Amino acid sequence: MCGIAGFIDARKSLSLEESHNILRNMSQAISHRGPDSSGIWSDFQSGIFLGHQRLAILDLSSAGHQPMESKSKRFQITFNGEIYNHLQLRDMLLSEHKVNNWKGTSDTETLLATIECYGLDEALKKLEGMFAFALWDSLQKKLFLCRDRFGEKPLYFSPGSANNGFCIFGSELSALKNHPKFNPIVNKNVLKNYINLGYVPQGQCIIAGVSKVLPGRYIAIDPTNLDITQYVYWDSAKEALLAKKNQFKGSFIDASDELEALLIKKISNQMIADVPLGAFLSGGIDSSLVTAIMQSQSMQPIQTFTIGFQEADWDESYHAQRVANILGTNHTESKVTSQDAINIIPHLSRIYSEPFADASQIPTQAVSQIAKKNVVVALTGDAGDEIFCGYDRYQVTQKIWRLISFVPKSLRRSISSAILNKSTDDLNKYYQALQKFTPAPSNIQRPGDKIKKGMSFLSADSFSELYSQNISLWKNPGDIVLGDNGGTSSNIMNTMDETLNNAEKAMLFDTLSYLTEDILTKVDRAAMSVSLETRVPFLDHEIYQFAWSLPYEMKFHKGEGKRVLKNILYKYADQEIFERPKMGFGVPVGEWIKGPLRDWAEELLCPKLIAEQGNFCPKIIQQTWDEHLSGNRNWQNQLWTILMFQAWQKDF
């Protein structure tokens with residue numbers, strides 16, 4: 001795992017010395033991604049400059065140093081990631097092309113040889129791994145920027161039109177920022193999408209004139225005119241549909257056995273490292289299964305790590321400890337306090353490169369810090385929910401849609417309007433009165449708040465629109481963001497194949513957006529900020545294809561999600577320890593910003609400051625903050641998006 005940076009100087013407007021100094025500054029800005037060594041390479045005549053920061057995982061010797069040149073000297077590469085099947089690729093290269101004169105044992109050298117023998121497009125299709133890399137082809141005179149199938153590794157680029165003849169790229173925005181021609185201006189349309197979702201949508205960037213290479217894509221850049229051409233070597237949506245059409249024909253037991261064998265193979269490949277390795281263990285289904293298989297393949301107790309909270313209502317570390325005891329791992333647990341949060345929060349804006357508002361970034365950062373003291377690589381259970389139908393919201397949204405879809409929209413809107421016009425205090429009183437006559441749950445906190453949220457769904461025209469509303473944080477983000485108020489991101493669920501049921505559409509939507517830009521971003525930035533590599537076995541493309549080939553009933557059945565994963569897990573651990581409601585990696589930031597973090601929050605939400613900055617409507621922000629402080633409404637997620645942007649803007 002590493003950090004990459006570089007640029008093209010199409011007009012040769014800088015001297016070689018100036019260019020090298022800039023390149024070193026860009027690389028130094030992301031040194032946390034690769035603290036073990038650094039390197040630069042340039043072709044001054046072509047205007048190509050490549051930088052690299054190395055976190056040594058395979059082949060710790062100088063033979064793995066980057067940027068690296070291919071055997072024929074045709075290619076130069078700066079590579080971030082891991083190729084899990086690189087040993088198999090070496091066998092294939094020996095068998096088919098008689099390649100055997102290796103300098104070292106790094107996967108970067110394997111990648112270069114694979115590209116030389118098969119060409120870039122075909123080589124990318126052969127890779128099993130996570131990566132982002134820049135490749136200079138001295139024969140074609142093209143620079144290629146390439147990203148893995150699901151976007152596990154980040155890759156930003158700013159085309160020459162935005163930077164006076166310079167195309168700039170890097171693993172994080174901080175690298176681009178250290179180029180003198182980079183001009184950071186907030187993109188108001190993207191800002192609106194960000195506060196609505198809590199993350200910047202796929203391919204977009206909070207800075208105008210900057211994009212991300214899309215997952216499963218690579219771009220070719222001509223250094224003479226900076227023309228860019230995009231190529232697709234993997235399309236997650238198309239692959240899901242193709243796998244669904246070629247449906248698995250065996251029984252549920254057959255599916256469990258085949259998936260278990262596949263997981264064992266892939267996890268074993270991802271356990272290859274020349275440095276200490278462990279796993280994040282939350283005690284849930286996904287991380288427990290990955291950990292169980294890792295332990296079954298290890299002669300020694302593997303190292304596992306979890307984070308808990310002092311607030312009992314949020315703490316699930318006990319469950320992780322139980323799983324660790326049963327599996328026999330060497331387990332480390334740490335509790336996050338409000339003081340820990342206070343210590344972490346000032347660094348979040350620099351860690352995440354862009355504004356990022358998934359509050360579970362705090363414990364993710366904390367568990368990464370704990371793990372790094374013991375290991376250099378950690379496997380995670382991420383992506384199990386999106387691929388094997390694990391989120392409760394898939395079923396909840398379907399149930400809501402079934403209930404409301406038969407009611408005329410005009411009537412639904414009338415009901416919604418009437419209830420939304422009531423105060424939360426009145427709705428709380430109505431709910432309490434209703435309890436005297438019906439067996440309504442008595443332990444619901446702020447029922448009026450929840451009723452208002454539910455009523456906002458009544459105006460949806462389709463399941464897709466309802467799901468989008470369900471995952472949106474602000475009802476009308478266009479009212480909050482000032483300035484350029486173009487349309488929000490289009491709902492890609494509306495264009496999905498009709499052979500998918502509603503839950504499958506939501507799963508695929510999350511894979512294409514939430515998984516890449518929230519979950520994977522959260523883990524990558526947190527882990528790499530402390531120079532820890534994380535690996536995600538569920539995102540092996542063969543596991544993804546197999547999962548989509550399974551009939552829906554093998555993933556969700558009788559109210560039970562991740563059915564096939566649970567069936568495998570119960571071979572390793574007793575079912576009863578997992579029979580509890582799914583909590584997720586929740587964080588009590590709503591209480592923290594009213595308590596120990598209040599001064600920090602009030603400084604960033606100051607109406608005068610917000611008015612001066614001109615990004616948000618200060619009146620709406622202040623009203624939301626006052627309602628949250630009063631306890632009548634819980635606006636923690638909405639306010640967190642504003643706070644994280646304000647903190648990011650202050651630093652960036």
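This is a predicted model: local features need pLDDT of at least 70, side-chain atom pairs count only at pLDDT 80 or more; totals for chains, interfaces and linings use all residues.

Before we start, one term: a strand here is a DSSP run of E with at least two residues, and strands are numbered from the N terminus.

**Stop 1: a sheet.** Select β13, β14, β15, β16 and β17. These five strands make an open sheet, in the order β15-β14-β13-β16-β17, with parallel pairing. Which strands stand at the edges? They are β15 (330–336) and β17 (533–535); each has a single partner strand, so one side of each is left without a neighbour in the sheet. Going from one strand to the next, the twist averages 30 degrees. Strands of a sheet pair through backbone hydrogen bonds.

Now zoom in on β13 (residues 277–280) and β16 (residues 377–379), which run parallel and are joined by three bridges. Click G278: its bridge partner in β16 is A378.

**Stop 2: a helix and its cover.** Select α18, residues 463–471. Which of its residues are buried? Colour F463, S464, L466, Y467, S468 and I471 to see them. Then show what covers these buried residues, including α6 (188–197), α14 (392–404) and α20 (502–512).

**Stop 3: one residue.** Go to N269 in helix α8 (residues 252–270). Buried or exposed? N269 has a relative accessibility of 13%, and buried means under 20%, so N269 counts as buried. Leaving aside neighbours within four places in sequence, N269 is in contact with Y84, Q88 and E128.

**Stop 4: empty spaces.** Rolling a probe the size of a water molecule over the atoms shows where empty space is left. How many cavities of 30 Å³ or more does a search of the whole structure find? Five.

To find its centre, select Y156, K212, E517, T521 and R525, the closest of the 18 lining residues. Helix α21 (residues 514–528) gives the most to this lining, with five residues. By class, the lining has eight nonpolar, three polar and seven charged residues.

Last, visit the second largest cavity, with a volume of about 100 Å³. Of its 15 lining residues, R54, L58, Q66, D107 and T108 are the closest to the centre. Strand β5 (75–83) and helix α3 (107–118) each supply at least two lining residues, and β5 gives the most, with three.

Note on methods:
Residues are numbered from 1 along each chain as its sequence is written. Side-chain values use heavy atoms; hydrogens and water are left out. Buried means under 20% relative accessible area, exposed over 50%, partly exposed in between (1.4 Å probe, protein chains only). Helices (H or I, at least four residues) and strands (E, at least two) are DSSP runs, numbered from the N terminus. Contact means heavy atoms within 4.5 Å. Two strands pair if DSSP finds at least two bridges between them. Axes are lines fitted to C-alpha atoms, for helices over the stretch in contact, and angles run from 0 to 180 degrees between N-to-C directions. On a 1 Å grid over the protein atoms alone, a cavity is a set of points where a 1.4 Å probe fits but cannot get out, and a pocket is an open set with protein on both sides within 12 Å along at least five of seven lines; lining residues have an atom within 4 Å of a point. Grid points are joined across faces, edges and corners, and a volume is the space filled by probe spheres set on the points. Ala, Val, Leu, Ile, Met, Phe, Trp, Tyr, Cys and Pro count as nonpolar, Asp, Glu, Lys and Arg as charged, and the others, Gly among them, as polar.
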